[in-house]
Amino acid sequence: MAEDSPTDLENRDPNSINGQLQVAFEDVFAEPDQAHSIDCVWINSYKCFNCTKNCCYKVLTVLCGIITAFCWACEFAVVTFYHVWVITPCFRICEMNMGCCKKFYSMCIHCWFDPICEACGLLFSAFKK
């Protein structure tokens, strides 16, 4: 298939990113056993709910879907650009500079504490059981 069209028109959420949005009539309306409406009201309410939900969603996607997809594509392009051209090079500079700092810190620690630890070791090695 072409790269710019979805590969699966049936399963459009293969990673279940929006699984929480699966709302059915039964998830919203429920009549307890003691309070039932007339059957035709319940059946037609079900049809009205589903039809309205589906139609409104389709109208909103026709009016806003392509524009919204364009805006999000721009946003992700900016984020990707920023990571490639700003964040990753900044991390690389930090790595390089921190390597120098690590060497300097290590030299200072060895310069100061190696003689102290060596002296303590010699001091305590004189104690025997």
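**Close-up views: pockets and cysteines**

**View 1. The second largest pocket has a volume of about 220 Å³.** This is a predicted model, in which local features need pLDDT of at least 70, side-chain atom pairs count only at pLDDT 80 or more, and totals for chains, interfaces and linings use all residues. Residues are numbered from 1 along each chain as its sequence is written, and side-chain values use heavy atoms, with hydrogens and water left out. A pocket is an open set of points on a 1 Å grid over the protein atoms alone, where a 1.4 Å probe fits, with protein on both sides within 12 Å along at least five of seven lines; lining residues have an atom within 4 Å of a point. Volume is the space filled by probe spheres set on the points. The lining consists of Leu 21, Gln 22, Val 23, Lys 53, Asn 54, Tyr 57 and Lys 58. Three are nonpolar, two polar and two charged.

**View 2. The largest pocket has a volume of about 730 Å³.** Its lining comprises 16 residues. Nearest the centre lie Arg 12, Asn 18, Leu 21, Tyr 57 and Thr 61. By class, eight lining residues are nonpolar, six polar and two charged.

View 3. A disulfide needs a pair of cysteine sulfur atoms within 2.5 Å. The structure holds zero disulfides. Cys 55 is partly exposed, at 42% relative accessible area (buried is under 20%, exposed over 50%, partly exposed in between; 1.4 Å probe, protein chains only).

**View 4. Cys 64 is in no disulfide.** The nearest cysteine sulfur, in Cys 71, is 10 Å away. Cys 64 is partly exposed, with 36% relative accessibility.

Conventions:
Ala, Val, Leu, Ile, Met, Phe, Trp, Tyr, Cys and Pro count as nonpolar, Asp, Glu, Lys and Arg as charged, and the others, Gly among them, as polar.
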